[in-house]
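Hi there,

Here is the structure I promised to pass on. Have a look at it first, and my notes follow below.

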Amino acid sequence: MRKLPVPLALALGLISTPSADASCARMGGPRLLQAEVIACEDATPLAKERIRKYDRFYHGTDQEREAGLALAAENILSRQPGRIVTLRVTRTQQLSDDPRSSEKITREPWTQVEKPEETRYLVLELKDCKDLPVGDQKIFLEEFTCCDTIPPSDLACLLDLPALVDAPKEETDRNQRPGQP
């Protein structure tokens with residue numbers, strides 16, 4: 001069996017180096033966020049820019065390092081499609097557990113955000129910005145990401161953005177029924 005050179009194996013995400021604090025645990029359950037879509041953009045340019053911080057992990061000629069960085073960015077982007085979305089979060093709801101799990105979920109009441117600000121997020125599984133028009137109100141679920149490897153193997157960690165996914169349909173339906181808190 002042929003061994004891959006370390007820079008190529010790193011770029012392909014087959015190995016990673018642990019950070020100083022290589023343990024990751026979610027503290028508490030996720031939140032639902034209700035937000036207005038302000039803007040949406042492709043994550044590729046920022047991913048390619050941010051991966052350059054890890055140039056020191058790629059050895060060889062300048063051309064070989066450049067190829068390793070490009071391959072690493074492409075690999076992360078292909079494994080985790082997503083778009084960078086600017087949102088104005090208007091209210092949040094703390095959950096005891098991920099609603100996609102089989103666990104019984106308890107919910108705190110919805111909390112209004114007093115001064116909603118525009119914040120950038122990585123919305124995972126969003127392949128095209130036309131699927132999330134500016135001005136739409138939408139409910140998202142926080143997605144736990146563990147940033148415990150260097151260079152990051154997770155797109156949200158690479159971009160240094162909190163990750164979101166579409167809230168499960170049951171959660172969206174629950175929050176659109178009259179009388180639901």
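Read along the sequence, the chain runs α-β-β-α-α-β-β-β-β-β-α-β-α, which comes to five helices and eight strands. Helices (H or I, at least four residues) and strands (E, at least two) are DSSP runs, numbered from the N terminus.

Before the details, a word on the source: this is a predicted model, where local features need pLDDT of at least 70 and side-chain atom pairs count only at pLDDT 80 or more, while totals for chains, interfaces and linings use all residues. Residues are numbered from 1 along each chain as its sequence is written, and side-chain values use heavy atoms, with hydrogens and water left out.

**The chain overall**

Of the 181 residues, 39% count as buried; buried means under 20% relative accessible area, exposed over 50%, and partly exposed in between (1.4 Å probe, protein chains only). Among contacts (heavy atoms within 4.5 Å) with a separation of 6 or more, 78% join residues 24 or more positions apart.

**The cores**

A nonpolar core here is a set of buried Ala, Val, Leu, Ile, Met, Phe, Trp, Tyr and Cys residues joined through side-chain atoms within 4.5 Å. The largest one has 29 residues, and Leu32, Ile51, Leu122, Leu155, Leu158 and Leu159 touch the most other members. At least two residues of this core come from each of α2 (44–51), α3 (62–79), β5 (118–124), β6 (137–143), α4 (155–159) and β8 (163–166). The largest share, five residues, is supplied by α3. Another core, of twelve residues, lies apart from this one and includes Val85, Leu87, Val123 and Leu132.

Isoleucine 51 is worth a click: beyond its neighbours within four places in sequence, it contacts Leu69, Ala72, Ala73 and Leu158. Three of these names come up again in α3, where the buried residues include Leu69, Ala72 and Ala73, along with Arg65, Gly68 and Asn75. The α3 helix has 18 residues and spans 26 Å from first C-alpha to last, close to the 26 Å expected at 1.5 Å a residue (that is, 1.5 Å times one less than its number of residues).

**A loop residue**

Threonine 145 sits in the loop between β6 and β7 (149–150). Why does threonine 145 count as partly exposed? Because its relative accessibility is 22%. Leaving out neighbours within four places in sequence, threonine 145 contacts Asp154, Ala156, Cys157 and Ala163. Proline 162 is 17 residues away from threonine 145 in sequence, and their C-alpha atoms are 8.1 Å apart.

Best wishes
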